[in-house]
Amino acid sequence: MSDTPLKTSIVSWGWTLSAFLLISYLICVGFGLLSPEQFRMHEAWAPWLPGFEWLTLTGFMAGAIGSFLYGWYIAVLAVPLYRFFQGRSR
């Protein structure tokens with residue numbers, strides 16, 4: 001990972017994590033629509049996604065956007081931290 005420029009790594013990880021979290025969110029919403037109420041995951045997502053409300057269009061969009069942005073947040077923080085600590089351990 002250290003052979004690639006920092007910006008390239010952040011962009012690659014940003015897209016990867018954002019897609020992963022967005023797909024996970026969509027799977028959980030789909031599961032919530034198909035499963036009985038006691039198995040729904042929306043209560044787990046709600047505290048982490050500002051504006052998320054179950055079964056409203058604005059709540060769904062807020063959750064999707066929030067999930068996507070969390071991927072970029074993690075990439076922007078984690079990639080430089082990883083490189084910093086990787087360099088110190090050599």
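**Burial and ring pairs, term by term**

Q: Why is Gly 66 called buried?
A: Its relative accessible area is 15%. Buried means under 20%, exposed over 50%, and partly exposed in between, with a 1.4 Å probe and protein chains only. So Gly 66 is buried. The model is predicted: local features need pLDDT of at least 70, side-chain atom pairs need 80 or more, and totals for chains, interfaces and linings use all residues. Numbering runs from 1 along each chain as its sequence is written, and side-chain values use heavy atoms, without hydrogens and water.

Q: Why does Trp 15 count as partly exposed?
A: Its relative accessibility is 49%, so Trp 15 falls in the partly exposed class.

Q: What makes Trp 15 and Trp 72 an edge-to-face pair?
A: Rings of Phe, Tyr and Trp (its six-membered ring) pair if their centres lie within 6.5 Å; planes under 30 degrees apart are stacked, over 60 edge-to-face, the rest tilted. Here the centres are 5.5 Å apart and the planes at 80°. Trp 15 sits in helix H1 and Trp 72 in helix H3, so the pair ties together parts 57 residues apart in sequence. Helices are DSSP runs (H or I, at least four residues), numbered from the N terminus.

Q: Why is the pair of Tyr 25 and Phe 60 called tilted?
A: The centres are 5.7 Å apart and the planes at 35°, so the pair is tilted. This pair too joins H1 to H3, across 35 residues in sequence.

Q: Is Tyr 25 buried or exposed, and why?
A: Its relative accessible area is 0%, so Tyr 25 is buried. Phe 60, at 29%, is partly exposed.

Note on methods
Helices (H or I, at least four residues) and strands (E, at least two) are DSSP runs, numbered from the N terminus.
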